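Subject: Structure handover and notes

Hello,

Please find the structure below, followed by notes on what was found in it.

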Amino acid sequence: MYKFRRGIPKWTAVFSALFLFLSISSAPQNQSILIISEQDYEKYSRVTIQSDRPLSSSVEKSDAFVFVKIRANSPFRIQRESFRSRFIKSLGWSQGSGSYTLTINTENENFSIDSFKIQNPPRLIIDIYPNRGQIPPTSETDRIRTSSQTLDPECIVIDPGHGGLEIGARGKFGTLEKDLTLAIGMKLAEIARQTRASNVVLTRDGDVDVSLEDRSAIANNNKATVFISIHVNGSYRKGAAGPETYFLSKDATDEEARRLAFLENNSETLENNIQAEDEDLIKMILWDMAQTAYLKQSSQLAEDIQDELNLLWGTRNRGIKQAPFKVLTGVACPAVLVEVAFLSNPQEERKLLTEEYQRKIAQAIYQGLAKFLRDNSR
Amino acid sequence: MDKKKLMILASLLLFLVVLVIIYVNLGGTAGPERPQFISSAQDESQSEEPKEPLTIILFFPSEHDSLLHREERDIIPESSLAQQAKIIILELLSGSQQGFLSPIPPETRLRELYITREGVAYVDFSREIMDKHLSGSSAEMSTIYSIVNSLSYNIKPIKKVFILIDGGEKKTLGGHIDLTSPFQPIYDIVAK
C-alpha cells in the first residue's frame with residue numbers, strides 16, 4: 001500500500017522531466033519571428049510586421065494611437081529595427097494571453113490608416129496618413145508619381161494565360177497554349193524570386209480556370225508593381241512568326257477616361273452621397289478603367305521586354321503593339337501582355353516545347369522587366 | 001304620296017352613301033393611310049429602275065503579312081443603311097475572291113444587325129464565330145478588325161461596332177480581345 005502510493009510521484013517526475021526536456025529542445029526550432037520595421041514616404045509612414053508564418057491580426061485606431069493586435073498560439077521572437085519617423089513618435093510592444101499588441105503612438109489624432117497583408121513572406125502593413133485630405137491625387141501625372149512612390153515593397157504579378165477548360169491556341173503537334181504559358185510563367189517567377197528581394201505572385205500555378213477579372217484582381221489586391229501576362233500567339237497565317245509585346249490600346253480606354261473625368265468632377269458630391277451598397281459599384285467602375293493612368297509606363301515596359309525578346313529570336317521588325325486586351329483593362333499598375341512566339345507556326349512550336357527555350361524566353365522577359373524596374377525606381 | 005316621298009328620300013340617301021364611298025376610295029382620308037402609301041412607292045421605285053451597282057471595299061487578312069488587305073466588290077445598293085451593312089457582312093462571310101484569308105469561321109451566320117442613332121452598329125453572329133474560332137491574339141484581331149473596318153469604311157454613319165454572339169454580349173472570342181466595349185476602326189493595320 002505504501003509502496004504503491006510512493007510509485008505515483010516517481011513516474012510523474014520522470015514524465016515531467018521528459019516533457020520538459022522535449023519542450024526545451026524543440027522550442028528554438030518552432031519559435032516564429034516577428035520583424036517590425038518602419039519607413040517614411042512623402043505622404044505617409046509605413047510600419048511593416050514581417051513573420052515566417054501567416055499572421056492573424058486586427059488593426060484599430062484610437063485617438064493618437066494605433067493598436068495592432070496579433071494572435072499567437074505559441075510565442076514569437078521579436079526583432080525591432082531602429083526607426084526615425086516624422087509622424088510616428090513611438091512604437092510600443094506588449095504581450096497578452098495568446099496575443100501581442102503593437103502600439104503606434106503619433107501624438108496627434110489627425111491621421112487615417114490603411115492596413116493590408118501580403119504574402120511570401122507573410123507581412124502585415126500599416127500605412128499612416130497624416131491629414132488624409134491631401135492624399136487623393138488629382139491629375140494623371142500625380143497618380144503615376146504616387147504609384148512609383150509605392151514601388152516598395154516591390155510586387156511582380158505574373159499571369160500565365162488561359163488554363164483549365166480554356167486551352168488557348170493549339171499547335172500542329174498538339175501543344176496547348178495553356179501548358180506553355182504556365183511553364184514559362186513558373187520559370188519567370190523562379191528567376192525573379194532568385195534574383196530580387198521582391199514579392200512574386202502567380203495568378204495560377206496549376207492547370208486551373210481563372211477568370212480574366214480575377215487575374216487583374218489578383219494584381220490589384222497584391223498592390224502589384226508590374227503585371228505581366230504570358231501568352232503564345234495563333235494566326236490564320238502559317239508563316240506568322242516572332243514575339244510581340246502588347247499594352248492596352250487608347251481606344252479601349254477612351255470611354256473609361258470619360259467616366260473617370262466625370263467621377264473626378266463629381267467626386268465630392270459622390271463621396272457625400274454614396275450608399276454603402278453603391279460603393280462596390282463605384283469600385284467596379286474604377287477598376288474597369290484602372291489601366292488608363294498607366295499607359296505611358298506600360299508602353300515603356302512593353303518596349304523593354306520586346307527589345308530582349310527581339311535579341312533572343314533574332315527578330316527586328318516586330319515592335320510593340322496596342323490592342324484592347326480584356327485582361328489588361330482593370331490592372332492598376334504598368335501592365336503588358338507578351339506573345340512569346342506563334343504556336344500556329346510548327347517551327348516555333350518545336351522550339352517552344354524545349355525546356356531550354358522556355359527558360360531563355362523567361363530570362364529575356366526578366367531582363368526587360370529588370371531594366372524597367374531599374375529605370376523607374378526612386 | 002307617302003310612298004313616293006319615301007322612295008325619293010331613300011334614293012337620295014343611297015346616292016349620298018355612294019358619294020361618300022367614292023370620296024373615301026379616291027384618297028380623301030390621306031392621314032391614316034400614309035405609311036402604306038410611302039412603302040408602296042418605294043417598292044415601285046425599286047422594281048421600276050434597278051439602281052447602279054455600288055462598289056464597296058472589304059478588308060481581309062493575307063498569308064504574306066500581318067496587315068489587312070482591301071478587296072473591291074460590287075453590290076446592289078439597299079434602301080436602308082442596316083440592309084447595306086448586312087450585305088457587307090454577308091460578303092465578308094463568303095470569303096475572299098482574290099485569295100486572301102477568311103477571318104471568320106465559314107459555319108458562322110449573321111443573326112441580326114442594327115445601327116443606333118449614335119452610330120453604333122450592333123452585329124449579332126451565331127456562336128460558331130466563337131466556338132470554331134482559331135485561338136490566338138492575332139487571329140482574334142484579324143477577325144474583329146476585318147468586320148469593324150469593313151463596316152465603318154463603307155458606311156460612314158457607323159462610328160463604332162459592337163460584336164454580339166448568339167444575341168448577347170460575350171467577353172472575348174477566345175480569351176484575348178475585349179468584346180464588352182464597341183470597337184472603332186483602325187486603318188494603321190491596312191496595307192497601303
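In chain A, strand β13 (residues 244-248) and strand β15 (residues 335-342) pair in the antiparallel sense over three bridges. Two strands count as paired if DSSP finds at least two bridges between them. Helices (H or I, at least four residues) and strands (E, at least two) are DSSP runs, numbered from the N terminus. Within this pair, E244(A) stands opposite E339(A) in β15(A).

Before going on, some conventions. This is a predicted model, in which local features need pLDDT of at least 70 and side-chain atom pairs count only at pLDDT 80 or more, while totals for chains, interfaces and linings use all residues. Residues are numbered from 1 along each chain as its sequence is written, chains are lettered from A and ligands numbered from 1 in the order in which they are written, and side-chain values use heavy atoms, with hydrogens and water left out.

The two sheets of chain A

The strands β13 and β15 belong to an open sheet of six strands in chain A, with the order β11-β10-β12-β15-β13-β14 and mixed pairing. At its edges are β11 (199-202) and β14 (320-323) of chain A, each of which pairs on one side only. From one strand to the next, the twist averages 25 degrees.

Two helices of chain A are found against these strands. Helix α4 (residues 212-221) of chain A lies across β10 (155-160), β11 and β12 (226-233), and runs at about 170 degrees to β10(A). Helix α11 (residues 355-376) of chain A packs on the sheet and touches β10, β12 and β15, with its direction at about 150 degrees to that of β12(A). Here axes are lines fitted to C-alpha atoms, for helices over the stretch in contact, and angles run from 0 to 180 degrees between N-to-C directions. Contact means heavy atoms within 4.5 Å.

A further open sheet in chain A has five strands in the order β5-β1-β2-β9-β8, again with mixed pairing. Its edge strands are β5 and β8 (111-118) of chain A; each has a single partner strand, so one side of each is left without a neighbour in the sheet. Neighbouring strands of this sheet are turned by 15 degrees against each other on average, direction ignored. Inside it, β1 (residues 32-40) and β2 (residues 45-51) of chain A pair in the antiparallel sense over seven bridges. S37(A) has T48(A) in β2(A) as its bridge partner.

A proline in a loop

P153(A) lies in the loop between α2 (140-149) and β10 of chain A. With a relative accessible area of 22%, P153(A) is partly exposed (buried means under 20%, exposed over 50%, partly exposed in between; 1.4 Å probe, protein chains only). Leaving aside residues up to four places away in sequence, P153(A) touches R46(A), I118(A), R123(A), I125(A) and T225(A). Its C-alpha atom is 6.9 Å from that of S198(A), a residue 45 places away along the chain.

Aromatic rings

Over all chains there are 10 aromatic pairs. Rings of Phe, Tyr and Trp (its six-membered ring) pair if their centres lie within 6.5 Å; planes under 30 degrees apart count as stacked, over 60 as edge-to-face and the rest as tilted. F76(A) and Y100(A) have ring centres 5.6 Å apart and planes at 65 degrees, so the pair is edge-to-face. F76(A) is in strand β5 (residues 76-80) and Y100(A) in strand β7 (residues 99-105) of chain A, 24 residues apart. F76(A) counts as buried at 6% relative accessibility, and Y100(A) is buried at 4%.

In chain B, the rings of Y145(B) and F183(B) have centres 5.8 Å apart and planes at 80 degrees, so this pair is edge-to-face too. Both residues, Y145(B) and F183(B), are buried. F59(B), Y153(B) and Y187(B) form one aromatic cluster.

The charged end of K156(B) sits over the ring of Y153(B), 4.7 Å from its centre (NZ of Lys or CZ of Arg within 6 Å of the ring centre and within 35 degrees of the ring normal).

Between the chains

The contact takes 31 residues from chain B and 32 residues from chain A. Together the two chains bury about 2,200 Å², 50% of it on carbon and sulfur atoms. Buried area is the accessible area (1.4 Å probe) that two parts lose on being put together, summed over both.

Regards
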